[in-house]
Amino acid sequence: MNQQFFVFLRALLGSCKDLLPIILVIAFFQFAVLQQPMPNFGDILVGLAFVVFGLTFFIYGLEMGLFPIGESMAQAFAKKGSISWLLTFAFCLGFGTTVAEPSLIAVAKEAANVAASGGIISDTLESQLSYANGLRFTVAFAVGLAIVIGVLRIIRGWPIQYIILGGYILVVLMTMIAPSWIIGIAYDSGGVTTSTITVPLVTALGVGLASAIKGRNPMIDGFGLIAFASLTPIIFVMIYGMVLS
Amino acid sequence: MNLIVEFLTTLKNTVVDVLPIISIILGFQLLVIRQPIPHIKQVGFGFIYVLIGLALFLLGLEKALFPLGKMMAVQLTAPEFIHAGEHILTSIHWSDYIWIYIFAASIGFSTTIAEPSLIAVAIKAEEVSGGAINANSLRISVAIGVAFGIALGSYRIVVGHPIHYYIISGYVVVVIQTFFCPKLIVPLAYDSGGVTTSTVTVPLVAALGLGLASTIPGRSPLIDGFGLIAFASLFPIIAVMAYAQLTQAKERQVKRKGDKIKRKKVNKRKFTHKKLALLESSKKNR
């Protein structure tokens, strides 16, 4: 018990260290550049304590729950030997975690606003909602597909750089023909898709698969799933824009 | 009391967000794999810790960091701050916004260091590589990439260049680097682009982009406000590969030095051999 407390304390200290840069930056800009007093000092102190404890608990739970479940499922699928079930799982994981992602919902709403004011869609609430939903499902489908491609790559041992390179070429080509109002949103949608819980889970899944399959190196083959998940949404959102216009 | 209610609301939202993931895992585990989850108690507690941790983290950010960061972004982009003393706005020059670039870089760096999903990937990478990749060095290189990316992205908003020229040149750099950097780091580097932008970075960076685009004359917040996140997810790839290249170059240098020392030792030994031989022969001659 005592030892566990010690471990927790050390994790807490680590979280404080992780947070120190933010505090320094904000303090510097508040006092030295903007030269203003700190508003609601007590509130901020409480909030900071929350952030430190939250980060500590998160990392603690990560190694206890998220990493082991990702790896054990990857091993179970590898033992079962059914590729189609594994790919179905990969798609569900990608699609299911993205479609409900709060930051994606926010970005989709914002994008619907842009489109309505740009005259792409009519300025009614209904058409905006259907546009935002279409965008969300497009991105979720793209992420599901990305995880499927990534898992297939791990199974077959394809080198990652050629697939990513092909993706880049596709993005560049599509940028030339896609309508200009979709480009900024498309590029951003690649970054917002991967949430804080999805990333550890997907990473553990990839590493677990690569270590369960003979002849795969977990370092070379295990990583890369998230890279696909942030590339395919760019392509699919541009397609969505082209279909609409 | 109010705080507890807020915490519970955040916790409820987090649980709702995580529900699809949990149901997919449970569904496949029970229906397809048909085996009990190993160490179910530990995993369950782990999930509960993750949920509580995330809820606390989000609430803390909402209470302390986001309002302050967003306010700063607005204040730093306000015309009164940038054109202090000048009353007539004739033209904008990119160098007027020097504090913005510094703020963008430092907020990008510091938020990336605290990004939970990057911490997760860094821990995994250190574990898998057997310590060859240091978690902290990886995080610092990613943070440097984000810092540079966001600063450059703000510069782009100020000068109003189209985004795709920057992104496409970034891609070209990534492709060239891929051919020259150690193969082991490539997938990890690609991944690090996607993990940087989540809970902490996105809201602050979005506020900065929106503030910039709405205060600079001639920029539309709807078009130019987007795009900072794209910068933040491209440059870490370059930074991580550059870090691997630097480490490799250093290792080579050390190795070369080691070889030189070895060669010197060998030379010395040869020399002593020769000496011995000479001594022997001179002895014989005598």
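The model is predicted, so local features need pLDDT of at least 70 and side-chain atom pairs count only at pLDDT 80 or more, while totals for chains, interfaces and linings use all residues. Residues are numbered from 1 along each chain as its sequence is written, chains are lettered from A and ligands numbered from 1 in the order written, and side-chain values use heavy atoms, with hydrogens and water left out.

Chain B comes out with eleven helices and zero strands (DSSP runs, H or I of at least four residues for helices and E of at least two for strands, numbered from the N terminus). Of its 286 residues, 48% are buried, that is, under 20% relative accessible area, with exposed meaning over 50% and partly exposed in between (1.4 Å probe, protein chains only). Among chain B contacts (heavy atoms within 4.5 Å) between residues at least 6 apart in sequence, 79% join residues at least 24 apart.

On the surface, Arg252(B), Lys255(B), Arg256(B), Lys257(B) and Lys260(B) gather in a patch of positive charge. Patch members have over 30% relative accessible area and no salt bridge, with like charges joined within 9 Å and nonpolar side chains within 5 Å; a salt bridge puts a Lys or Arg side-chain nitrogen within 4 Å of an Asp or Glu carboxyl oxygen. Lys257(B) sits in helix H11 (residues 228–285) of chain B and is exposed at 60% relative accessible area.

Over in chain A, Gln161(A) belongs to helix H6 (residues 160–177) and is buried, at 14%. Leaving aside residues up to four places away in sequence, Gln161(A) touches Thr178(B), Lys183(B), Val186(B) and Tyr190(B).

How values were computed. Accessible areas come from the Shrake-Rupley method with a 1.4 Å probe; for residues, only the protein chains shown count as cover. Lys and Arg count as positive and Asp and Glu as negative; His and the chain ends are not counted. The place of a charge is taken as NZ of Lys, CZ of Arg, CG of Asp or CD of Glu.
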